[in-house]
Amino acid sequence: MTKPGSQGGRFLSSRLASISPTPSNGSDTVASSPSTRKTHDTIVVKSMPENADHVSEHEPRLTETRGLGGYAHPAFTGIGMKMKEYNDALGDIQILGVSHAAVLPELVLIGDQSSGKSSLMSAFACSKLPRSSGICTRCPFHIRMSSSKDLNWSCTVSLRQEYDYCPPANRPVKRADVTKRNPFPPWVSKPFAETIVFKTIYEHDSIGIDEILCWAQVATLNPSKNPEQFVPGEGNYAKETTLETAKRSTEARFSPNVVSLEMRGPCFPDLSFFDLPGIFAVPEHKDDDYLVDVVENLTRKYVSSKGAIIMLALPMDQDMDNSRTLGVVRELNAEDRTIGVLTKADRPNFNEADRVDYWLAVLEEKKQKVKEDGFFITSLPPEQELDSLKTWEESFFRTEAQTWPQAFEHYAHRCGVDQLRPYIMQELGHAFARSIPNIKEKFEDRLNDIQDELEGLPPLPGNLEHAVRMALVNFYASVKESVNNREFEQACKQFTGGLLRGLHGLKPKCILATEKPKPRPEDFIMISDDTEDEATGSKRQAPRLPVIGSTPKKQRRAEPFTTPVKAEGSPAGSEFWPATPMSSLSQSCNEKGKQLSLLTIRQEIDMKTRGGFENVVPFEVYESLCLNAVSQWEKQLEIYMGNITSLLVAAITQSLENCFQKFSKRLIYKVSRELVTAYLKERSAQQYKRLVELYENETYRVVTVNEAILNHHKAGEKEGLERNRLIVRAKAAGLHNRDRGNQSYAQMSAEEQVKALNKYRSQLPEDEYEREIDVAATVRGYYLTAANRFVDSVSMDVSSRLLRSFREGQLDHFLDEKLELFPYPSPETYARLMEEDVATSQKRDRLKKEQAKLETALERILALEDSLAGHTARCQQKKLLT
């Protein structure tokens, strides 16, 4: 890679080694005129009359050297400091992107594909730029060069984004999509252009300009990705992918967005120009036929600008009549703004009879009119090193070297890039000088319009920063106070109590009846210690059960008792809970607890008891029944989480309404509300996920180290179960009804109950289901132990995680970052937050950015005028002194 500032990159450096170029036409000599060969080494002074009306007071009067070698090294030195100041100022203004406010002079390089534009661009830029026919033809370049006193050069590549990429859904772009209203599909114009700095390199960097430009274009053609990924040597994508692979895998095939290249250094001319993709007739791929029209439309856009000075590249190895780009120039009547550049002068075979006559007619403008100074000619073979092109052209265009027809001798002052470059610099400087008064007027008019538009927007508070900060500080303090106050904590306590009552309500019921009751054998008695009338129970159709005192028959083995598996997914885990009425402080759930049965417990024991251990109840029986009992808590948990979240939402919403009451129509209120809602959703979802994990822990294994509490609950449960089991057996034997008539056990006095139970015990044999009752008591005792433990864990987790995030300021940090108030807020941020709506905010922001750019442009013009005035005064003083 040859870079400016290095030995190979100094295009204007003199390498005087003798080079004898050989034309590629296959001949050693060329036809020449019999007239005497001579070169034009005369000096032509190009000046304007002092009283010329069409000449601006800004326009410099320049001397131009004509003839081969007439421009001193470097080629632009003779133009003078005034022209440098004009072109520098124009480049500074162009890069601001304010051409919508006034027509700015701009130099535009156009031509057909493979017309020699890339070589011409590299020669102008004094740098090796991409020349391949692939990626470098898919978006326009803006090249800006500026000479500086600094011995080291620098290069900055930027991406100017004026269009958004909007491809059609589920189909490729078609040629029919290209219309007058949509000239560059699938790209659509943005309301406001943005410029992103891509990469800056310096003289000793290892990465070359051509490589950076290629990666910059890859970034432009991948609009959905962050451009930083494509920065060579830095971006992840650029590190992991070769450039050739990246070129072949871009999202877009073409972009009207501009890649800008700004170069400063001692070896550069003061010049800026656009290089457009070459027009073509047949795309590389059939599906890209729409690009034929898109690329041509891009050329039309730039050529149609009245401020455009057009450089039209026409290769001499083809007839100019075949140029599609020339057709565009003619169609738009832009010939008087066009500088014709005949490229590839070393390619034609001038020994053919009509070749010399044809190109003489072109140079004499018999075939095509261009700007007043006619066509220029260049020979820039791509195989030549960049720093040898100057010597090559000087040698090639000498007619005595017999490589260039003597018939063209009259046009020697137009041959070579060293003749063309100062000319276009001069033309661009003159155009800018003439247009400065009009540009100033247009900029000032637009600034006045912007000021009127800004004044028409709703006024902002006086001290924006103070207003925003105080509203947020008050809001944060109010949230902490709301979450910490006694009323909030009491409500949380009531919800926790509701959860505990809900879980206790799901304690498994136990069917104690195993015998057929004698008084009414058609009925089956199901009784639990939780029923309201334990002596009566509820009636169901009786299955065939053994009668008390008989030997129970071996029952048919039931299906194995399995622990239910928790359903996948959670209805509340990933979305916001609907608001629950705040007056409903108890758990509301129609679910019923699991049912235990002495018969089922016996079946479970029989299935899991190993031979020889009939008197030992396997632990698997306890675990299976316990886990089954706690397997339906999730609905209660969801209700609890919904109540807690609704309570929190109500508290924070009230704080938001109170603290932002006077800003209810401002953007800060709307955005803050949306962000707080998002934060609540995220935190609540995280909290619910955590609680589900606690619940899943309870359904995984039977574990407790608090044996005292377990034994306490078991003893209480066993006492109740044995009492009710005794009543059930007494009823089944007819003892209870015979002694008490229709009086239920609950209607007895305490003394009567004790007497009745003692009597039943003496009259009934030992209960053969005593083991099963002990198992049921253990299961119910563990259930109560686990439920109390779970509610404690849930309450503590909510307090130490969800509520803590509001008590300790995590909401504060979240909101400050999302509102862009941390770490370094700008005045524009405060102004945006105080807008009345998003559209107003965006409009104000866009107008202020445009205002700043136009003010910078005007300041640059005023600085130019001051500099020129000082230069004129110094010249006059010097003239008086002499």
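Reply: In this predicted model, Leu291 has a relative accessibility of 8%, which is under the 20% limit, and therefore counts as buried. Leu291 belongs to helix α6, which covers residues 290–304. Once the neighbours within four places in sequence are set aside, Leu291 is in contact with Arg253, Phe254 and Phe280. Arg175 is 116 residues away from Leu291 in sequence, yet the C-alpha atoms of these two residues are 7.8 Å apart in space.

A disulfide is a covalent bond between the sulfur atoms of two cysteines, and a search of the whole structure finds zero of them.

Elsewhere, helix α15 (residues 634–659) and helix α16 (residues 667–698) have axes that come within 11 Å and cross at roughly 155°. Because angles over 145 degrees count as roughly antiparallel, α15 and α16 are described as roughly antiparallel to each other, and the crossing in which α15 passes α16 is right-handed. Among the residues of α15 that take part in this contact are Leu637, Met641, Leu648 and Ile652, while those of α16 include Val676, Leu680, Tyr688 and Leu691. By class, the contact of α15 with α16 has 13 nonpolar, five polar and four charged residues.

Note on methods. Residues are numbered from 1 along each chain as its sequence is written. This is a predicted model: local features need pLDDT of at least 70, side-chain atom pairs count only at pLDDT 80 or more; totals for chains, interfaces and linings use all residues. Side-chain values use heavy atoms; hydrogens and water are left out. Axes are lines fitted to C-alpha atoms, for helices over the stretch in contact, and angles run from 0 to 180 degrees between N-to-C directions. Helices (H or I, at least four residues) and strands (E, at least two) are DSSP runs, numbered from the N terminus. Angles under 35 degrees count as roughly parallel, over 145 as roughly antiparallel, 65 to 115 as roughly perpendicular and the rest as oblique. A crossing is left-handed if the near helix is turned anticlockwise from the far one by less than a right angle, and right-handed if clockwise. Contact means heavy atoms within 4.5 Å. Ala, Val, Leu, Ile, Met, Phe, Trp, Tyr, Cys and Pro count as nonpolar, Asp, Glu, Lys and Arg as charged, and the others, Gly among them, as polar. A disulfide is a pair of cysteine sulfur atoms within 2.5 Å. Buried means under 20% relative accessible area, exposed over 50%, partly exposed in between (1.4 Å probe, protein chains only).
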